[in-house]
Each structure stands twice: as C-alpha cells, then as structure tokens.
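Hi everyone, thanks for coming.

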Amino acid sequence: MLRFMSLSSGSCGNCYYLGTGEKGLLIDAGVSFRRFKKILEDNSLSPDSFGGILITHDHLDHIRHLGAFCRKLHKPVYTTSVLRNALLRHTFTSGSFGGCSRVLEEGVWNDLDMASVRYFIIPHDATQTVGYAVDMDGHRFVIMTDIGRMTDEAVELASTADTVVLESNYDMDMLMGGSYTYELKMRIVQGNGHLSNDECASAIRRFIHPGLKNIFLCHLSENNNTPDLAFRSAEAALEQAGVERGTIALRCLPRRTPSPLFLL
C-alpha cells in the first residue's frame, strides 16, 4: 500500500513523503531536520523509510534544509543537471550537496532503487522548475507544486496517474483586492508564478480520466486563498466533468502543519 503525506505545503516550507513504509522518496526539503524526524516518527516511520530526495526547484521554501538532510542522512538527492549546478553554488547547499547529488536523465523514466521517476519542466520563476511522475508499488503519482501555467506534458502525465498533487495557490479576487504590490501581483499571475484556483480547476478538467483516484491541492496562499475556496473550485470542476461525488478523493493540504498519512 502506497502512503503519502505532506509535512508542509506553502511558502513557509515544502516537503512531501511518498513510500510504502519500507522504501520511499522525499520531495523537497523545506522543513527542518528535527521537525521532519518528529513528524515521521509520529507516523511510525523513520528517516530510513525513504531512499532519496527529489528536488523541484531552488527557491528557499523548497531547499532551505537540504544541506542538513545531506549532512545527517547522506541520501542521494535527484535533480536535473541545471538544478544540480545551481544547488552546487547555492548558499544553503553548496557545502554539503555535492556528495549526495545525482542527475536524472531528461525525457525518460529513471529507474531508482525505490521507484521509477520521470521529471517534466514546468513554468515558474526559479532557475529551473520541474514536476515529477513517480511509479511506485503499482501506482503512478504526479506532483507539481509551483507552476505558473499548465503544459501539455504536465496534463499528459497527470492523465495517466491515479494520484495528482497540484498547486491551487490563489483566488483571483482575493489577490487583486489584497495588499500585495502591483509588481508582486503581476509576478504571481503572468504565467511564471503560481496557479490560481480557476486555472487549477481548468487543469483538472483536462486531465480527469477513469483511473484517477486522488487529487491533493497544495501550496495554498495564506493571504490570497482559503481551503474552502480552493476545494469548492476544484469540486465544481469534477462535477462539471460528470464525476460522481466520492469517486475521486479531493483534499486540500495544510500549509504549516503535517497532513494525515494517506493510504493511496
């Protein structure tokens, strides 16, 4: 049985666990090692419950504690060649990342000890940003946590997954009527920032397929969204697509606290 948990999801920090209990992966390392260890132990897991870390991009809320993870656990960290070079120079990772770094091959499935992984490039204003498709224990899991707009490749891979984790960052009315500067608002909405609730709903309508069982909404803005708004927008997309209520489990991931450990 595949297990999934968000340890934190948002600009305060991002980290996700995917595994079977005996093997698994972390996705991003934006929470402290002490917090990570406690959350896993609270769920009857240990730091040895995963065999490697996937990094989506080099913004600080995703890599702030990667150096500590490398120093303490010595697990392989899988990235693209572009991200590897950026992390080798990054203030928070330059002294500890090199010995753990592994480069994934582009455009193919990479066979790791614990899973088969394929990355796909998505628009976001980091050095490079990727989503991941992960085949593990008979499941296909797709995650895209920071994405300015959907791409055909992202939709294509999500259309083959039984679980999709997708950003639903902001409500347009809340963002535009809020206190952010004009420049920051434009950075968020102009295709290389974040995905709105409406854009998330549109993406869901594009990738819905009969094998889809779980949708997790991630990276909700603390200032420009609410879980209720994000959920209702995605729920409406499912209803418009003719999906019977309860057929697909739809959940919002909390920002600052861990989610339950979900069985997929």
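Let me start with a term: a salt bridge here is a side-chain nitrogen of Lys or Arg within 4 Å of a carboxyl oxygen of Asp or Glu. Searching the whole structure with that rule gives 12 salt bridges. Before we visit some, please note that this is a predicted model, where local features need pLDDT of at least 70, side-chain atom pairs count only at pLDDT 80 or more, and totals for chains, interfaces and linings use all residues. Residues are numbered from 1 along each chain as its sequence is written, and side-chain values use heavy atoms, with hydrogens and water left out.

Now to the sheet. Helices (H or I, at least four residues) and strands (E, at least two) are DSSP runs, numbered from the N terminus, and two strands pair if DSSP finds at least two bridges between them. Seven strands make an open sheet with mixed pairing, in the order β6-β5-β4-β3-β2-β1-β14. At its edges sit β6 (101–103) and β14 (262–263), each pairing on one side only. Further in, β2 (residues 15–19) runs antiparallel to β3 (residues 24–27), and four bridges join the two. One example to find on screen: Y17 has L26 in β3 as its bridge partner.

Which strands does helix α1 touch? Helix α1 (residues 33–42) packs on the sheet against β1 (3–8) and β3, where contact means heavy atoms within 4.5 Å.

K37 pairs with E41, and their closest N and O atoms are 2.7 Å apart. Both lie in α1, four residues apart, about one turn of the helix. K37 counts as partly exposed because its relative accessibility is 33%; buried would mean under 20% relative accessible area and exposed over 50%, with partly exposed in between (1.4 Å probe, protein chains only). E41, at 42%, is partly exposed too.

Next, R256 forms a salt bridge with E222, with the closest N and O atoms 2.9 Å apart. R256 lies in the loop between β13 (249–252) and β14, and E222 in the loop between β12 (214–218) and α9 (227–240), so this pair ties together parts that are 34 residues apart in sequence. R256 is partly exposed at 49% relative accessibility, and E222 is partly exposed at 44%. R255 joins in as well: E222, R255 and R256 are linked in a network of salt bridges.

Terms used:
Axes fitted to C-alpha atoms, helices over the stretch in contact; angles between N-to-C directions.
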